[in-house]
Amino acid sequence: MKKSLSLLAVILMLISTALAGCGGSGNETTSGGGDSGVTELTLWHMEEPPNRVKRFNEVIEAFNKANPDVQVKAQVQSWGDAYSKFPAAIKAGNGPDMLFTIPDYTTLLKSLNVVQPVDDMVEKLDEKHDFIDASLTPYQYEDHTWAVPVFGMVQALWYRKDKFDEANLEAPETWDDLENAAQALTKGDQYGIALPASKSMATDQVIYSFMVTAGAKDVIDADDKVTFDTPETVKAYDTYRQLLNYSPGDSNTYQWGEPQAQFNSGTAAMAIEKGQYLSAFESESGRPASDLGVVPMPVAEDGEEGSIYYSNGIMVLTDDQKKQEAITKFFDYLYEPANYAQFVNAEPGLFLPVTQTGYDSEEYWNDPVISQYKEQVEVLLDASEEGELFGFTDGVSPSIGKIAGPNYIAQTLEQITTNGMSPEEAVEWGQQQMESAIE
């Protein structure tokens, strides 16, 4: 019996050796540390609308087909989980190799010591494609670059040209113009403007555009010194409070979608938002594209030009060298003008190019929506050059995520609209909350 078992063991060993010598089919997968096979990469993004998911997948599938030694798999996540659930999952080893991000979120993840510097990747891409400063600067601090910018978002004032023509009004350039137009266009069932006033990132963003144009862009500096409580900030909140008189009564429930719906239906004549207003305007309003007006954010007296600008990027979380080489290959493919145009036009006008080659490419401008709204897109691209983001205007605050996450800018407005505080009292309250959050 022992002799039979020994013979069987020898036979099995010979079979195993023979199979190993065949070298496999060449389709093995590797986590990045092997010497052969396919390198698999996982990418998490939080762009949930089906059209964006579909376009991202098309670009990724084209890359995978052109690069059979690297396979990228995209997984759709939610911004609603990004601050609460992602950190624990990543620390537990269940995170992705690449993760979409915005500047304040990068500071949060970086504090977990999981974000890898991407200096070399960005340097090579910058030499070839030329990143715009507003997209790259928020990710550059502590002697490294912490994310690769992929698209930008900027706010502007959208207005219904048909409504303005009926009222014989010009597009607003100043806050006084804006208030006068909002008042004149509020009549019957029509409101002059639709503004978000909920505890949300949407409200944070619009209020911050008012803060920028009031001269109050510096909320917190690189040393985590909070400078929120200023006369300019108070002026921004006071103006926002007054404009809410010309916004629908349920504005305290609004985030991104509701102002756009009111605008497209003709219930509101103005809104302040990013470039997602392009794609749906004609189908939802029943009006021609020429009726969609957009101008830079109106400026306060003694204020400055600008508005909020979000550079969206991709962080690298893996420190595996082979995976990083594969990620470099993916970025090289993504930023080629034809591929990049397809990518950013997943949501035309909302996702703006962050490279000069992206701005200049025929493929970008030939997109059906972009070509139809060329003048409006040019306004957005110009506004990007003046874009700002709280926590990144005076160095980079390492604690900005603790202010952005709880929506303290929006909560400050709630103290006015819900709790009856004056703008001065509310801004003082906001200063105290922000200081407590970063202690």
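This is a predicted model: local features need pLDDT of at least 70, side-chain atom pairs count only at pLDDT 80 or more; totals for chains, interfaces and linings use all residues.
Me: Which elements each supply at least two residues of the largest cavity's lining?
Reply: Lining residues have an atom within 4 Å of a point. Here they are Leu43, His45, Phe56, Ile60, Phe100, Ile314, Phe330, Leu334 and Phe343. Elements are DSSP runs numbered from the N terminus: helices are H or I with at least four residues, strands E with at least two. Those giving at least two lining residues are strand 2 (38-45), helix 2 (50-66) and helix 14 (321-334).

Me: How many residues of the largest cavity's lining are nonpolar?
Reply: Ala, Val, Leu, Ile, Met, Phe, Trp, Tyr, Cys and Pro count as nonpolar, Asp, Glu, Lys and Arg as charged, and the others, Gly among them, as polar. The lining has one polar residue and no charged ones. The nonpolar count is eight.

Me: Which residues are closest to the centre of the largest pocket?
Reply: A pocket is an open set of points with protein on both sides within 12 Å along at least five of seven lines. The largest holds about 810 Å³ of space. Its lining has 33 residues, and the closest to the centre are Glu47, Arg52, Trp79, Met201 and Trp256.

Me: Which elements give two or more residues to the lining of the largest pocket?
Reply: By class, this lining has twelve nonpolar, 14 polar and seven charged residues. The elements that give two or more are helix 3 (79-82), helix 10, helix 12 (257-265), helix 13 (277-285) and strand 11 (307-316).

Me: What is the volume of the second largest pocket?
Reply: Its lining has 14 residues, and Pro296, Met297, Glu305, Gly306 and Ala383 are the closest to the centre. The lining divides into seven nonpolar, three polar and four charged. The volume of the second largest pocket is about 230 Å³.

Me: Why are helix 10 and helix 11 called oblique?
Reply: Axes are lines fitted to C-alpha atoms over the stretch in contact, with angles from 0 to 180 degrees between N-to-C directions. Helix 10 (201-214) and helix 11 (231-243) pack at about 130 degrees, with axes 9 Å apart. Under 35 degrees is roughly parallel, over 145 roughly antiparallel, 65 to 115 roughly perpendicular, and the rest oblique. Therefore the two helices are oblique.

Me: Which residues of helix 13 meet helix 12?
Reply: The axes of helix 12 and helix 13 come within 9 Å and cross at roughly 45 degrees. Contact means heavy atoms within 4.5 Å. From helix 12 come Pro259, Gln260, Phe263 and Asn264. From helix 13 come Tyr277, Ala280, Phe281, Glu284 and Ser285.

Me: How many charged residues are in the contact of helix 21 with helix 22?
Reply: Helix 21 (408-417) and helix 22 (423-438) pack at about 145 degrees, with axes 9 Å apart. Members of their contact include Tyr408 and Ile409 in helix 21, and Trp429 and Met434 in helix 22. The contact has nine nonpolar residues and five polar ones. The number of charged residues is none.

Notes
Residues are numbered from 1 along each chain as its sequence is written. Side-chain values use heavy atoms; hydrogens and water are left out. On a 1 Å grid over the protein atoms alone, a cavity is a set of points where a 1.4 Å probe fits but cannot get out, and a pocket is an open set with protein on both sides within 12 Å along at least five of seven lines; lining residues have an atom within 4 Å of a point. Grid points are joined across faces, edges and corners, and a volume is the space filled by probe spheres set on the points.
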